[in-house]
Amino acid sequence: MTETLLERPEEGVALVRLNRPEARNALSPAVREQLAAHFTALAQDETVRCVVLTGGPSVFAAGADIKAMAEAGPSEMARRAGERSWQPIKDFPKPLIAAVNGWALGGGCELAMHADIIVAGEGAKFGQPEIRVGIMPGAGGTQRLPRAVGKFKAMKILLTGEPLSAAEADAMGLVTEVVPDAEVEARALALARAIAAQPALAVRKIKEAVLAGADQSLEAGLLIERQAFQLLFDTADQKEGMRAFIEKRKPAFEGR
Ligand code: CO8
């Protein structure tokens, strides 16, 4: 798997690196299969608490591999069932931080939008240019982008294909924070380290409640939250966290 690298930079943290710079990290079917395999394994690995996904210092990902689909017909695209390779990322149960330098276009922008936190470099550029190659987003761009930035910002991005600067993306809520380009990976890893040190079940339930609740009515979302909240009172980390507060000491969470 040389087009995607899996690293373990620190305890509790895994880093998935897209490594196809000669094609601007275009998401070929092989790259997407490798990503799916990494995320399937990382979901099950109990030593991993938080994951950072990056494309390296110059480009996050220039989208789906245009050369791999230029001549495909609809039945071939259906047979490829691209959604299967996105599934393990969509359903990834642990926090996922995208560390974005350079271009995050088309499927690359959609990949970043699968993350829970997006750290962008000042020179990062986001966009959904599919319209310019005669198609439309196919990995959630027409759904996740308007949910992130609202209909009127999303429509312009989707219908013109014009890229956004990191500052514009930040202003419309498409990224979590913008940092100098050289600091993106370090900042993402620092956030990952902080999250990995939190009580694991509470972390998991927060992600689950936010994502599941986003597609529900307020009442249904509040029910999801309430049930998860109550369940956490069955964890050793809840007892430890509250006792530590009362005893004025730092908690020692065990992830149980
Ligand atoms: N697919 C295939 N090859 C690519 C892609 C791509 N998306 N992007 C870049 N490359 C290749 C180029 O063809 C070139 O190859 P070669 O050296 O063999 O000529 C090499 O990477 C370098 O590219 P450039 O010379 O263009 O590099 P620049 O640094 O000048 O420009 C850009 C970088 C701005 C990123 C430019 O390459 C670009 O505009 N790329 C295409 C962006 C785009 O249109 N993306 C949308 C693709 S469609 C899509 O994502 C649909 C998503 C559907 C989701 C479901 C399936 C995943």
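Entry 1, the cavity. I started with the lining of the largest cavity, where H3 gives the most, with three residues. H3 and helix H1 (29-44) each supply at least two residues there; helices are DSSP runs of H or I with at least four residues, strands are runs of E with at least two, and both are numbered from the N terminus. I listed the lining as Leu27, Arg32, Leu35, Ser85, Trp86, Ile89 and Leu111. By class that is five nonpolar, one polar and one charged. My search used a 1 Å grid over the protein atoms alone: a cavity is a set of points where a 1.4 Å probe fits but cannot get out, a pocket is an open set with protein on both sides within 12 Å along at least five of seven lines, and lining residues have an atom within 4 Å of a point. The largest cavity holds about 40 Å³ of space, and I found one cavity of 30 Å³ or more.

A note on the source: this is a predicted model, where local features need pLDDT of at least 70 and side-chain atom pairs count only at pLDDT 80 or more, while totals for chains, interfaces and linings use all residues. Residues are numbered from 1 along each chain as its sequence is written, and side-chain values use heavy atoms, with hydrogens and water left out.

I read off about 1,000 Å³ of space for the largest pocket. Of its 33 lining residues, Met113, Ala115, Asp116, Val210 and Leu211 are the closest to its centre. H9 gives the most to this lining, with nine residues. By class I noted 19 nonpolar, five polar and nine charged residues.

Which pocket does the ligand sit in? I found it in the second largest pocket, where "sits in" asks for more than half of its atoms within 2 Å of the grid points. Strand S6 (103-105) and helix H4 (107-113) are the elements that give two or more residues to the shell around the ligand. I counted 23 residues around the ligand (a heavy atom within 4 Å), and the closest are Arg24, Ala62, Ala64, Ile66 and Gly107.

Then I checked polar contacts (N or O pairs within 3.5 Å). A ligand nitrogen is 2.9 Å from a backbone N or O atom of Ala62. For Ile66, a polar backbone atom is 2.9 Å from a ligand nitrogen.

Methods. Polar contact = N/O pair within 3.5 Å; in protein donor to acceptor, adjacent residues only side chain to side chain. Points joined across faces, edges and corners; volume = space filled by probe spheres on them. Nonpolar A, V, L, I, M, F, W, Y, C, P; charged D, E, K, R; others polar.
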